[in-house]
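Subject: Structure handover

Hi,

Here's the structure I promised to pass along.

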Amino acid sequence: MNLKEKLAEQKEQGLAEIKEAKDLKKINDIRVSLLGKKGPITEVLRGMRDLSAEERPKVGQFANAIRDELTQALADKKDEIEVIKMAKKLEKETIDVTLPGVPVTTGNTHIITQIIDQIEKLFLGMGFQVVDGPEVEEDHYNFEMLNLPQDHPARDMQDTFYITEKILMRTQTSPVQARTMEKHDFSKGPLKMISPGKVYRRDTDDATHSHQFHQVEGLVIDKHITMADLKGTLQLIARTIFGEDREIRMRPSYFPFTEPSAEIDVSCFKCNGKGCSVCKYTGWIEVLGAGIVHPNVLEMAGVDSNVYGGFAFGLGPDRFAMLKYGVDDIREFYLNDVRFLSQFSQKG
Ligand code: FA5
């Protein structure tokens, strides 16, 4: 048998084996045994050195064609086996898409954050800017710039945690008023801002007081601002958050940074104004302090009090949340009890 015949026989034998192969391992074995270094084709090719110079290229060409044909047959068979394998796998893994899924439980925004978000939305809609201020504050901004110089008796109402003699945990969001006024360019228009955030006081914790709570400051500085603008804004807040059925009342009050000043109360959610332990038998719960910005505060921040005036308010979203959802102890908000907090997932 000459070399060409030998090669043709190897090819026929190889193609028959490939045809019969059932898995990828078998394909690999065939490839190694047919085309590998010790395989018959390589062996036949090695014998070419005994051929005449005239015959050698012809046989070489023939051998290469056979090797290519076998390589292609191996690749085709491999693809075929893989397709069959995948089809079998898919058949086994059929998914019933009509089965109900596993529900995913997601958390919800904290109830106080929900109230703050509502207030922000209301004021953003009226063209106010939302400003942030530091919780660790300078005595200068927390008190002095708000017309509470050293030794002012009203400082006693807002004792707090001191970091150093002149640095403290802010007792109110009002310092953001002074910080914002200082920076505002009034030639570009009026100043309208709110500033939500945490505040700290040395208050004894009870059903309506916490040593750490939240406030939202509001400030408008423009020409010709009156008490009527303040009252209208406060009424709008109360109606937006509590609905039309809650009463509000303004009581004369005192804040060193506003003159005149007012305390705003909302009728008690629990007794509807009749008097109970939650409202300390007054029928009202205090939620807000407000007033017309004191000229000294304007002047200290570099604003001409003969040209500009304004109103300011500071509300407690924790108290707002109590009133809105009938929570009778403010401390519930800070205990992180998921059973309590998850009740408010659909509200707000
Ligand atoms: C102030 O803090 C003033 N800075 C508010 C203000 C701003 C007046 C601008 C005028 C102009 P007051 O101490 O009353 O005021 O607190 C404001 C609100 O914070 C209260 O109405 C109440 O809702 C809430 N609040 C006060 N103390 C506590 C407390 N310990 N726990 C929870 N909420 C409180």
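Predicted model: local features only at pLDDT ≥ 70, side-chain atom pairs only at ≥ 80, totals over all residues.

Residues are numbered from 1 along each chain as its sequence is written, and side-chain values use heavy atoms, with hydrogens and water left out.

**The ligand site**

The largest pocket is the space that the ligand takes up. (A pocket here is an open set of points on a 1 Å grid over the protein atoms alone, where a 1.4 Å probe fits, with protein on both sides within 12 Å along at least five of seven lines; a molecule sits in one if more than half of its atoms lie within 2 Å of its grid points.) Around the ligand there are 27 residues, and the closest are Gln172, Ser174, Arg201, Asp203 and Leu288.

Which elements give two or more residues to the shell? They are S5, S7, strand S8 (284–293) and strand S9 (309–315). S8 gives the largest share, five residues. Helices (H or I, at least four residues) and strands (E, at least two) are DSSP runs, numbered from the N terminus.

- Gln172 has a polar side-chain atom 2.6 Å from a nitrogen atom of the ligand.
- Arg201 has a side-chain N or O atom 2.8 Å from an oxygen atom of the ligand.
- Gln215 has a polar side-chain atom 3.0 Å from an oxygen atom of the ligand.

On its own the ligand has 670 Å² of accessible area, and the protein covers 96% of that (Shrake-Rupley method, 1.4 Å probe).

**Salt bridges**

Side chains of opposite charge can pair when their charged atoms come close. With a salt bridge taken as a side-chain nitrogen of Lys or Arg within 4 Å of a carboxyl oxygen of Asp or Glu, I get 15 salt bridges.

One of them joins Arg202 to Asp159, with 3.7 Å between the closest N and O atoms. Arg202 is in the loop between strand S4 (191–200) and strand S5 (212–222), and Asp159 is in the loop between helix H6 (139–142) and strand S3 (167–169), so this pair ties together parts 43 residues apart in sequence. For burial I use relative accessible area: buried is under 20%, exposed over 50%, partly exposed in between (1.4 Å probe, protein chains only). Arg202 is exposed at 57%, whereas Asp159 is partly exposed at 32%.

Another pairs Arg249 with Asp265 at 2.9 Å, closest N to O. Arg249 belongs to strand S6 (residues 248–255) and Asp265 to strand S7 (residues 258–267), 16 residues apart. Is each end buried or partly exposed? Arg249 is partly exposed at 30%, but Asp265 is buried at 2%.

Asp337 and Arg339 also meet in a salt bridge, 2.9 Å from N to O. Asp337 is partly exposed at 26%, while Arg339 is exposed at 68%. Finally, salt bridges link Asp139, Glu144, Arg155 and Lys166 in a network.

Cheers

Notes
Near = heavy atom within 4 Å. Polar contact = N/O pair within 3.5 Å; in protein donor to acceptor, adjacent residues only side chain to side chain. 1 Å grid on protein atoms, 1.4 Å probe; cavity = no way out; pocket = protein on both sides within 12 Å on 5 of 7 lines; lining within 4 Å.
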